[in-house]
Amino acid sequence: MTRRVSFSSGHRYWIPALSDNENLALFGHWASPYNHGHNYVLDVTVEGEVETSTGMVVNIKRIDDVLRTHIVRQFDQKSLNDQVEHFHSRSTSLENLVTYVAECLNKPGGLPAEVSITSLRLEEMPTFFAELDLATTPTTMTLTRSYEFAASHRLDSPALSPQENLEVFGKCNNAAGHGHNYLLEVTVAGEPDPTTGMILNMDDLDRLVAELVVDRYDHKNLNVDIPEFQGKVTTSEIVALEIFDRLKHRLPAKLERVRLHETARNVFEVSA
């Protein structure tokens with residue numbers, strides 16, 4: 001069962017004991033001695049046995065009470081660096097925050113005894129979220145960043161006749177092609193750095209994904225303009241596989257997954 005709550009908090013990426021240049025080196029363009037804020041969205045997933053008398057794993061009201069008491073009340077409308085003691089000496093990174101949420105929920109007096117947390121998903125922005133898989137040993141932390149590019153293509157296989165291509169691909173075989181506003185999610189895994197609290201510097205991830213994928217494919221005809229797709233059918237399966245291969249050895253963290261949204265209804269995923 002998954003339950004969602006939200007809270008609004010301010011925070012900053014800045015270590016007062018360090019110089020401006022040292023903070024910039026650690027946190028990139030995110031570094032600032034002044035707060036910025038987010039409307040965080042937290043998904044808490046728990047598991048347990050279905051209680052025969054109620055037909056529920058757990059009463060959602062009990063989950064809501066715990067989340068309001070231990071999470072929302074502690075974080076909502078607060079400056080995390082200044083008003084949450086745990087972060088007086090720690091970076092307020094998304095990775096550190098989701099780890100602390102797990103600690104709060106697993107403390108005595110936290111979640112009801114009949115359930116256990118299997119995963120947490122904490123969204124800082126719709127384009128940026130962390131996931132903590134607590135069902136694995138050791139636990140797995142991932143960070144996902146979203147990007148967009150617009151590209152055209154035509155589904156046409158050199159292994160098929162014109163009639164066969166039309167039968168297989170339908171209107172997507174249109175000789176003039178068609179286009180999509182692709183949404184790309186890139187997920188990395190790793191251990192947060194003890195100083196920054198981050199799996200990797202987000203500026204590095206943004207730069208590499210832009211260089212290797214977004215700037216390369218944006219406003220291009222995939223069949224005509226992109227050498228790696230020559231002679232291939234530019235299905236989203238093929239495009240997603242190519243993106244994964246282009247990124248997997250170039251990122252400063254383990255590439256866990258790419259997820260390519262061709263449309264709101266068509267989503268393709270390649271995992272490590």
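In the predicted model, the buried residues of helix α4 are covered by elements that include the strands β2 (36–47), β4 (116–125), β5 (128–133) and β6 (140–153), together with the helices α2 (60–75) and α3 (80–83). Helix α4 spans residues 94–106 and is mostly covered, with ten of its 13 residues buried. The buried set consists of Leu-94, Glu-95, Asn-96, Leu-97, Val-98, Tyr-100, Val-101, Ala-102, Cys-104 and Leu-105. From its first C-alpha to its last, α4 reaches 19 Å, close to the 18 Å expected at 1.5 Å a residue.

A helix pair is formed by α6 (residues 202–217) and α8 (residues 236–247), whose axes lie 9 Å apart and meet at an angle of about 150°. Because angles over 145 degrees count as roughly antiparallel, α6 is described as roughly antiparallel to α8. The crossing of the two helices is right-handed. On the α6 side, the contact is made by Val-209, Leu-212, Val-213, Arg-216 and Tyr-217, and on the α8 side by Glu-242, Ile-243, Arg-246 and Leu-247. By class, six residues of this contact are nonpolar and three are charged, while no polar residue takes part.

Asn-23 is located in helix α1 (residues 20–27). The relative accessible area of Asn-23 is 0%, so this residue is buried. With neighbours within four places in sequence left aside, Asn-23 is in contact with Trp-14, Ile-15, Leu-18, Gly-28 and Ala-31.

Technical notes: Residues are numbered from 1 along each chain as its sequence is written. This is a predicted model: local features need pLDDT of at least 70, side-chain atom pairs count only at pLDDT 80 or more; totals for chains, interfaces and linings use all residues. Side-chain values use heavy atoms; hydrogens and water are left out. Axes are lines fitted to C-alpha atoms, for helices over the stretch in contact, and angles run from 0 to 180 degrees between N-to-C directions. Helices (H or I, at least four residues) and strands (E, at least two) are DSSP runs, numbered from the N terminus. Angles under 35 degrees count as roughly parallel, over 145 as roughly antiparallel, 65 to 115 as roughly perpendicular and the rest as oblique. A crossing is left-handed if the near helix is turned anticlockwise from the far one by less than a right angle, and right-handed if clockwise. Contact means heavy atoms within 4.5 Å. Ala, Val, Leu, Ile, Met, Phe, Trp, Tyr, Cys and Pro count as nonpolar, Asp, Glu, Lys and Arg as charged, and the others, Gly among them, as polar. The expected span of a helix is 1.5 Å times one less than its number of residues. Buried means under 20% relative accessible area, exposed over 50%, partly exposed in between (1.4 Å probe, protein chains only).
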